Structure formats: structure tokens, C-alpha cells
Amino acid sequence: MNGSVIFKYANPTQFMSLSKAMLPWLLVLTVASFGIGLYGGLWVAPPDYQQGETVRIMFVHVPASWMAMAAYSFMALASLVGMVWKHPLADVAAKSAAPIGACFTFLALVTGSLWGKPMWGAWWVWDARLTSMLVLFFLYLGYIAIWQTIEEPIKAGRVAAILAMVGFVNIPIIKFSVDWWNTLHQPASILRADGPAIYISILWPLLVMILSFTLLFSVLLLVAMRSEVIRRRIRSIRMAKIEGFG
Amino acid sequence: MVEFIAVFKRDVRLAAAQGGGLGLAIGFFLIVVSLFPFGIGPDLKLLARVAPGVLWIALLLSVLLSLDRMFQADFEDGSLEQLVVSRAPLEVIIVAKVLAHWVTTGVPLILATPILGLFLNLDEQAFGVLVLSMLIGTPALNFVGAAGAALTVGIRRGGLLLSLIVLPLYVPILVFGVSAIQSSLTGPSGSLQTMMILGALTLGSAALAPFAAAAALRVHLR
């Protein structure tokens with residue numbers, strides 16, 4: 001990666017003005033995308049011949065799980081950038097992404113559970129995918145807890161970055177072990193994604209919804225990053241005041 | 001290498017001299033395992049079925065309980081700083097400390113498991129696999145735990161945070177540890193594959209975790 005490109009937006013002041021200009025446009029785009037996606041998902045897409053109307057949960061569930069994974073990857077990548085290049089905004093980005101990612105993970109778990117009730121007859125099934133999502137949720141919680149317990153932001157950023165990367169290395173291992181565990185305990189009784197080929201009328205709303213969730217993530221991320229930058233400024237002003245009096 | 005042996009010996013001696021920590025861990029292990037029959041009833045068949053999982057979870061919790069002492073005591077009396085500035089790479093020192101920790105807590109706990117297996121009516125023919133799977137798998141608990149302990153060293157209420165961080169990472173070790181025992185109960189040679197995966201987890205964590213732990217310690221002592 002070219003260092004100069006990374007550092008062009010490293011200046012928090014520049015980030016603040018740029019993000020301020022971008023946010024309204026992004027917001028409009030997100031709302032429009034959600035409008036199209038939800039219309040496609042709730043009205044255009046046909047009900048499934050087996051699952052009926054409940055299949056529409058998919059239009060929230062799949063994008064949420066996708067964003068749950070993507071947000072963690074983003075967090076790990078930002079942590080890496082923060083560790084290697086000491087980029088001042090990378091820590092802010094990683095910290096801000098965590099609660100959003102955790103919410104998406106939670107949303108994926110809840111919608112999965114709601115979908116599971118009519119499909120499997122139980123609110124919670126120890127299905128491999130649900131279980132690895134649950135572990136991902138725990139990883140998010142640990143990461144957020146690090147930020148909450150260490151007060152000094154730079155130190156907290158470093159420690160949290162190491163944890164994010166350790167977690168990222170572990171995600172495939174956890175996924176593999178959960179798949180293994182699941183086949184050990186309950187042989188294939190789960191609905192399969194590869195039924196009949198996905199119709200185009202189902203596919204396009206799904207893709208639009210994934211796009212909407214990605215846009216939503218970037219809007220929320222920018223807002224969270226902006227408030228984190230402001231929070232740090234307030235903190236440093238306070239520190240300067242205390243030192244001035246001392 | 002000299003430093004490696006010196007740190008290893010020092011930690012083993014310290015653990016032997018204090019003694020209390022080990023007794024506590026074994027006591028905890030014993031009590032957790034004996035709570036299960038109270039919780040799920042004295043049905044011997046049911047106990048035999050859940051025994052591998054119960055033993056592994058109790059072992060995992062006992063290791064977790066002893067983790068926060070891995071760096072904390074050295075951090076408090078300042079010797080951790082001496083280790084960080086010493087000639088030997090910090091990663092090597094961490095490997096020595098983890099191995100010492102495993103020898104002084106992991107191994108005694110494992111030696112206690114067959115007795116607890118009797119409590120839970122585990123089939124005797126699984127005892128060998130039980131001990132073997134734990135010998136192969138528990139170093140991974142210590143290595144991954146060392147990274148967690150290093151991340152939380154010197155933090156208020158670090159113990160609770162440590163559990164939150166480390167336990168999700170223990171899922172794969174638990175899965176393969178238990179499945180090694182279960183597959184030995186159903187087939188004669190089914191557990192070889194899971195043993196090899198357990199070994200891979202241990203080797204992988206031994207290769208990667210010291211770097212994460214060293215990076216974390218450097219941040220905390222900066």
C-alpha cells in the first residue's frame with residue numbers, strides 16, 4: 001500500500017471536514033437503497049414454495065450476517081494499519097466499527113432465531129452457522145470490553161488491535177471446529193441453501209439489501225468515528241486544562 | 001537458550017515454593033466436576049455420556065483460573081520489566097514461562113482427571129485417550145491463555161476481562177478434545193484424526209501466541 005495515500009486522510013481535521021461533506025449524500029443513498037431493497041424483498045420476491053412468507057426474513061438475516069463478518073474483517077484490517085503505520089484514525093475506525101459489528105451480529109442471531117422457529121420448530125438450534133455467529137458475538141464483546149477497561153486511548157488502541165488480530169486469525173479455526181462439532185452431534189437435518197437455483201426476483205432484492213446494509217454500516221461508522229474524534233479532542237482539552245492549573 | 005532455561009527453572013521453583021496456587025486449581029477442578037452430578041442427577045448412564053465434555057470444561061476453567069498469575073506477579077514486583085529489557089527476545093522468555101506454567105498447573109490437573117473420570121462413570125478404556133488428548137491439547141490452552149493474560153496484565157478486574165477474551169478462543173480446543181474421547185468410545189482408532197488436529201492447534205498456538213503476548217506486554221510496559 002502506498003504510504004502517502006494512507007496518510008493523506010490521516011489528519012483528523014481533514015477527516016472531519018470530508019466526512020461532514022459526505023454524510024448527507026451517503027445517508028440519502030442508504031435510505032434510497034433500503035427503499036428499493038425492502039420493496040423488492042417484501043413485495044416483488046415470491047414466497048417460497050416450502051417456507052412461505054417466512055423466507056422474507058432472509059432479506060434482513062443474510063445481509064446482517066454478511067455485515068457481521070465484514071465489520072470484523074474491517075476492524076482487524078484497521079487494527080493492522082494502526083499497528084504497522086501508527087495511523088491515528090485507524091484506531092478510531094476499529095473502535096467505532098466494533099459496536100456496530102456487534103449489533104449486526106446480534107441482529108443476525110435474532111433473525112436467525114426467528115427464522116428457526118417456524119423452520120426447525122425451536123427458537124435456538126445448535127446449527128453450525130448460528131453457533132459460529134454466537135462465538136463471533138463473544139469475540140466482539142471481548143474487544144469492546146478491552147476499550148472500556150483501559151482508559152488511556154492510545155494504550156487501549158494497541159491492546160485492542162492485538163486482540164482484534166488474534167481473533168481474526170482464530171475465526172476460520174473456530175468456524176472449522178464448529179462445523180466439525182456440528183456434524184459430530186447432529187447429522188444433516190438442516191435446511192440447505194442449495195435447493196432450486198435462486199430466482200432472479202429473489203436474488204436482486206437480496207443483493208440490494210446487502211448493498212443497503214453496507215451503506216448503513218459506512219454511515220454509522222462515519223458518525224461513530226466523528227464522535228470519537230470529538231470525544232478525544234474534549235479529553236485532550238480537559239487534560240490541558242488540568243495541567244494548566246497544576 | 002540460557003535465559004530460556006533460567007526463566008523456566010525460576011518459574012517452576014517459584015510455583016513449587018508457593019504451592020498454594022496448584023492446590024487451589026486442583027481443588028477447583030475437583031469441586032466443579034463433582035457439582036455436575038448434583039446439577040443433572042446421579043444417573044450413571046447420563047454421567048458417562050457427558051463425562052468427556054464435563055472433564056474438558058472443568059479443566060479449561062481451572063486453567064483459566066490460574067492464568068492471571070502468569071504475568072501479574074512479575075508485573076507487580078517489577079521483574080517483568082527486567083525480563084523485557086533482558087538480552088533474550090521476549091517471545092522466547094514467554095515460551096519458557098508458558099511451558100513452566102503448563103508443567104506446574106496443566107500436568108498435575110491432567111494427572112487428576114482419571115480419578116474424576118471414575119466419579120463420572122467414564123468407560124475405563126477411554127482413560128488412556130482422555131489423558132493423552134489432554135496432554136496434547138492443554139498446551140494450546142496455556143499458549144492462547146498467555147496471549148490473553150498478557151493483554152490484560154495490570155488492568156483492574158483483569159480476571160473477568162481475561163475470561164471474556166480467552167473463552168471464545170478455547171472453543172476449537174474443547175471441540176476436538178471432547179471429540180477425541182468420544183470417538184475412542186465408539187470406534188477403536190477413530191480418535192487419531194482428532195488427536196492430530198489437537199496437536200496442530202497446540203503447535204499453531206505455540207508458534208503464534210508468543211508474538212501476540214510479547215506485543216501486548218511491550219504495550220503495557222511502554
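Apart from its neighbours within four places in sequence, Met209(A) is in contact with Gly37(A), Gly41(A), Phe59(A) and Pro63(A), two residues being in contact if their C-beta atoms, placed from the backbone, lie within 7 Å. The structure is a predicted model, in which local features need pLDDT of at least 70 and side-chain atom pairs count only at pLDDT 80 or more, whereas totals for chains, interfaces and linings use all residues. Residues are numbered from 1 along each chain as its sequence is written, while chains are lettered from A and ligands numbered from 1 in the order in which they are written.

Met209(A) is found in helix H7 (residues 200-245) of chain A, where helices (H or I, at least four residues) and strands (E, at least two) are DSSP runs, numbered from the N terminus. With 25 other C-beta atoms within 10 Å, Met209(A) is buried; a residue is termed buried if 20 or more other C-beta atoms lie within 10 Å of its own, exposed if 12 or fewer, and partly exposed in between, with C-beta atoms placed from the backbone. The C-alpha atom of Met209(A) is separated by 19 Å from that of Leu114(A), the two residues being 95 residues apart along the chain.

The secondary structure of chain A comes to seven helices and zero strands, and the pattern read along the sequence is α-α-α-α-α-α-α. Of the 246 residues in chain A, 33% are buried. Among the contacts in chain A with a separation of 6 or more, 79% are accounted for by residues 24 or more positions apart.

Helix H3 of chain A (residues 58-85) has 28 residues and should span 40 Å at 1.5 Å a residue, and the distance of 39 Å between its end C-alpha atoms agrees with this; the expected span is 1.5 Å times one less than the number of residues. Just after H3(A), Lys86(A) takes a positive phi of about 50°, although Lys86(A) is not a glycine. Lys86(A) lies in the loop between H3 and helix H4 (88-120) of chain A and, with 13 C-beta neighbours inside 10 Å, counts as partly exposed. In chain B, a positive phi near 60° is found in Asn121(B), a residue other than glycine. Asn121(B) is placed in the loop between helix H6 (90-119) and H7 of chain B and is partly exposed, with 16 other C-beta atoms within 10 Å.

Within chain B, helix H3 (residues 44-67) and H7(B) pack at an angle of about 35°, with their axes 10 Å apart; axes are lines fitted to C-alpha atoms, for helices over the stretch in contact, and angles run from 0 to 180 degrees between N-to-C directions. The crossing of H3(B) and H7(B) is right-handed, a crossing being right-handed if the near helix is turned clockwise from the far one by less than a right angle, and left-handed if anticlockwise. The residues that make this contact include Leu55(B), Leu59(B) and Leu60(B) of H3(B) and Leu130(B), Met134(B) and Thr138(B) of H7(B). By class, the contact of H3(B) with H7(B) divides into 10 nonpolar, four polar and no charged residues, where Ala, Val, Leu, Ile, Met, Phe, Trp, Tyr, Cys and Pro count as nonpolar, Asp, Glu, Lys and Arg as charged, and the others, Gly among them, as polar.

The axes of H7(B) and H8(B) come within 9 Å and cross at roughly 155°, which makes H7(B) roughly antiparallel to H8(B); angles under 35 degrees count as roughly parallel, over 145 as roughly antiparallel, 65 to 115 as roughly perpendicular and the rest as oblique. The crossing of H7(B) and H8(B) is right-handed, and the contact is made by Val144(B), Gly145(B), Gly148(B), Ala149(B) and Leu151(B) of H7(B) together with Leu162(B), Ile165(B), Val166(B) and Leu169(B) of H8(B). Seven of the residues in the contact of H7(B) with H8(B) are nonpolar, two are polar and none is charged.

Between the chains, 20 residues of chain B are in contact with 23 residues of chain A. Helix H7 (127-151), H8, helix H9 (171-186) and helix H10 (191-221) of chain B each supply at least two residues of the side that touches chain A, and the residues of that side divide into 17 nonpolar, one polar and two charged. Helix H5 (residues 128-149) of chain A packs with helix H8 (residues 158-169) of chain B at an angle of about 150°, with the axes 9 Å apart, which makes H5(A) roughly antiparallel to H8(B). The crossing of H5(A) and H8(B) is left-handed.
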